[in-house]
Amino acid sequence: MNPFFTTDPIEVDRPTPCYWDPALWFSEAVDNVAEAKRLCGTCPVKARCLADALAQQEKHGVWGGLSASERADLLPVVEEPVETKCRAGFTSGVGTLRRLRALAANGWTLIALAHEARDLGLTESALAGLRRTRSGGLVTTVNADLVATLYARLQGIDGPNDETAKRARNRGWRTPAQWIGRDIDDPNTNHQIGA
Ligand code: SF4
């Protein structure tokens, strides 16, 4: 496993600095932003994290060592057609996050998922970004549907990596079998979004 390939702590040998105190990375206090940026400087996946955040146009928090305003300065200004804005659909990321975590709890690494999702156009980078969706975050309805399709395919199949399954289960992520009978899309099902 290449630790530089993903910012997801489940995929790397040790958790990234933001894993321990995610609230610090979303604080707007000047001192906290500075501290989060400093800690990002010690993170082995900083470059990849910043690239992902720019690709996904993350609007909040410190990612890859840059604040939201600093990242915005790096993005090209693109005027979207009005119809595109109106049609753009977003939905709660709860179900998407839970599905990806459940697949991890069955041993599915992001690389293995991306392999299975080639026909859906879901890349490892896109899957990594979706699995970093924060509690209460939004995902596009297109991505939510694609992940639901992937989940429907793989939920009954064990993934290839026992260590990924072990780490995910140690973090309390439910397996697909444990979601049976529960509404995986209902944010009120459990206070812990991934569990
Ligand atoms: S670079 Fe990204 S993954 Fe690393 S600590 Fe900063 S926000 Fe977290």
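This is a predicted model: local features need pLDDT of at least 70, side-chain atom pairs count only at pLDDT 80 or more; totals for chains, interfaces and linings use all residues.
A crossing of two helices is left-handed if the near helix is turned anticlockwise from the far one by less than a right angle, and right-handed if clockwise.

Two packed helices are described by the angle between their axes and the distance between the axes.

| Helix pair | Axis distance | Crossing angle |
|---|---|---|
| α7 and α9 (residues 124-131) | within 9 Å | roughly 115° |
| α7 and α10 (residues 141-154) | 9 Å | about 30° |
| α7 and α11 (residues 162-170) | within 7 Å | roughly 125° |

With α9, the crossing at roughly 115° makes α7 roughly perpendicular to its partner. The crossing of α7 and α9 is left-handed. On the α7 side, the contact is made by Thr96, Leu97, Leu100 and Arg101, and on the α9 side by Leu127, Leu130 and Arg131. Sorted by class, the residues of this contact are four nonpolar, one polar and two charged.

With α10, the angle of about 30° falls under 35 degrees, so α7 and α10 count as roughly parallel. Here too α7 passes its partner in a left-handed crossing. From α7, Gly95, Thr96, Arg99, Leu100 and Leu103 take part, and they meet Asn143, Ala144, Val147, Ala148, Tyr151 and Leu154 of α10. The contact of α7 with α10 has seven nonpolar, three polar and one charged residues.

With α11, the axes cross at roughly 125°, and α7 and α11 are therefore oblique to each other. Arg101, Ala104 and Ala105 of α7 meet Thr164, Ala165, Ala168 and Arg169 of α11. This contact divides into four nonpolar, one polar and two charged residues.

**Surroundings of the ligand**

There are 15 residues around the ligand, and Thr16, Cys18, Cys40, Cys43 and Cys49 come nearest. By class, the shell around the ligand holds ten nonpolar residues, four polar ones and one charged one. Three helices, α1 (17-20), α3 (30-40) and α4 (46-55), each supply at least two residues of this shell.

An unreviewed UniProt entry lists Cys18, Cys40, Cys43 and Cys49 under "binding site". These four are spread over 32 residues of sequence, yet they cluster in space, with a largest C-alpha distance of 11.3 Å. Cys43 is placed in the loop between α3 and α4. The four cysteines of the record are also among the residues that come nearest to the ligand in the model.

Key. Residues are numbered from 1 along each chain as its sequence is written. A residue is near a molecule or strand if its C-beta atom, placed from the backbone, lies within 6 Å of it. Helices (H or I, at least four residues) and strands (E, at least two) are DSSP runs, numbered from the N terminus. Ala, Val, Leu, Ile, Met, Phe, Trp, Tyr, Cys and Pro count as nonpolar, Asp, Glu, Lys and Arg as charged, and the others, Gly among them, as polar. Axes are lines fitted to C-alpha atoms, for helices over the stretch in contact, and angles run from 0 to 180 degrees between N-to-C directions. Angles under 35 degrees count as roughly parallel, over 145 as roughly antiparallel, 65 to 115 as roughly perpendicular and the rest as oblique. Two residues are in contact if their C-beta atoms, placed from the backbone, lie within 7 Å. UniProt positions are given in the numbering used here, feature names are shortened, and annotations may be inferred rather than shown by experiment.
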